[in-house]
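Subject: Structure handover

Hi,

Here is the structure I promised to pass on. Please open it alongside this note.

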Amino acid sequence: MAIFPIRVYPDPVLRSEVETIDVFDEDLKRLADDLFETMYDAPGIGLAAPQIGIAKRLFVADIGEGPFVMVNPEIVETSGEWTFEEGCLSVPDRFWEISRPSFARATGFDLDGNAIEYSGDDLMGRVLQHEIDHLSGGLVIERLSKAERKQAIAELREAVADDRLGRRP
Ligand code: ZN
């Protein structure tokens with residue numbers, strides 16, 4: 001197991017096409033272990049493979065009810081609405097009030113290739129939607145209103161520029 005650096009906006013891997021997984025082998029299990037270790041170290045409640053630079057269709061999560069992995073996940077049902085202060089390990093230290101469906105159901109596969117599904121309201125629904133967004137190049141900032149998004153991108157660009165100049169502690 002290893003802790004990987006988490007890729008942050010505007011790293012292009014966060015926008016890249018991900019590969020559907022069709023081999024369920026030891027390498028895949030190792031990748032899931034690395035994702036878990038990196039997620040718990042951050043700490044975070046979910047982490048998708050592109051966030052450690054691997055453009056493959058899987059994520060891991062643990063909202064406090066135990067760890068789970070989804071390979072090739074798809075959202076198949078959503079309902080309701082819930083506003084939650086959402087953040088992302090790839091857009092660090094920023095949170096926005098974001099409305100999304102409260103309930104989500106996702107289908108996919110476990111690490112052995114068995115069909116599985118997870119569903120839930122509130123935080124569970126949110127983590128499913130958020131992580132599966134990452135697997136289609138989506139980031140939380142796209143869920144903002146146009147004005148909020150513009151401001152967020154300007155702030156993030158400034159933070160990146162400051163990093164490059166070494167002005168951040
Ligand atoms: Zn995220």
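Below is what turned up, starting with the metal site and then the aromatic rings.

Bear in mind that this is a predicted model.

**Metal site**

A zinc ion is held by Cys88 through SG, and by His130 and His134 through NE2. The distances run from 2.0 to 2.3 Å. Along the chain, the donors are spaced as C-x41-H-x3-H. Both histidines sit in helix α2, which covers residues 122-134. They are 4 residues apart, or about one turn of the helix. Histidine 130 has 8% relative accessibility, so it counts as buried. Histidine 134 is buried too, at 2%.

**Aromatic rings**

There are 5 aromatic pairs in the structure. One of them joins phenylalanine 36 and tyrosine 40. Their ring centres are 6.1 Å apart and their planes meet at 15°, so this pair is stacked. Both residues belong to helix α1 (residues 26-41); because they are 4 residues apart there, about one helical turn separates them. Phenylalanine 36 is buried, with a relative accessible area of 14%. Tyrosine 40 is partly exposed, at 41%.

Phenylalanine 68 and tyrosine 118 make a tilted pair, 4.3 Å centre to centre with 35° between the planes. This pair links distant parts of the chain, 50 residues apart. Phenylalanine 68 is in strand β3 (residues 68-79), and tyrosine 118 is in strand β7 (residues 115-120). Phenylalanine 68 is buried, at 6% relative accessible area. Tyrosine 118 is partly exposed, at 28%. Together with Phe59, Phe68 and Tyr118 form one aromatic cluster.

Best wishes

Key
Residues numbered from 1 in each chain as written. Predicted model: local features only at pLDDT ≥ 70, side-chain atom pairs only at ≥ 80, totals over all residues. Heavy atoms only, no water. Donors = N, O, S within 2.8 Å, 3.2 Å for Na, K, Ca; no water. Helix = DSSP H or I, 4+ residues; strand = E, 2+ residues; numbered from the N terminus. Buried < 20%, exposed > 50% of the residue type's maximum accessible area, 1.4 Å probe, protein only. Phe/Tyr/Trp six-rings, centres within 6.5 Å; stacked < 30°, edge-to-face > 60°.
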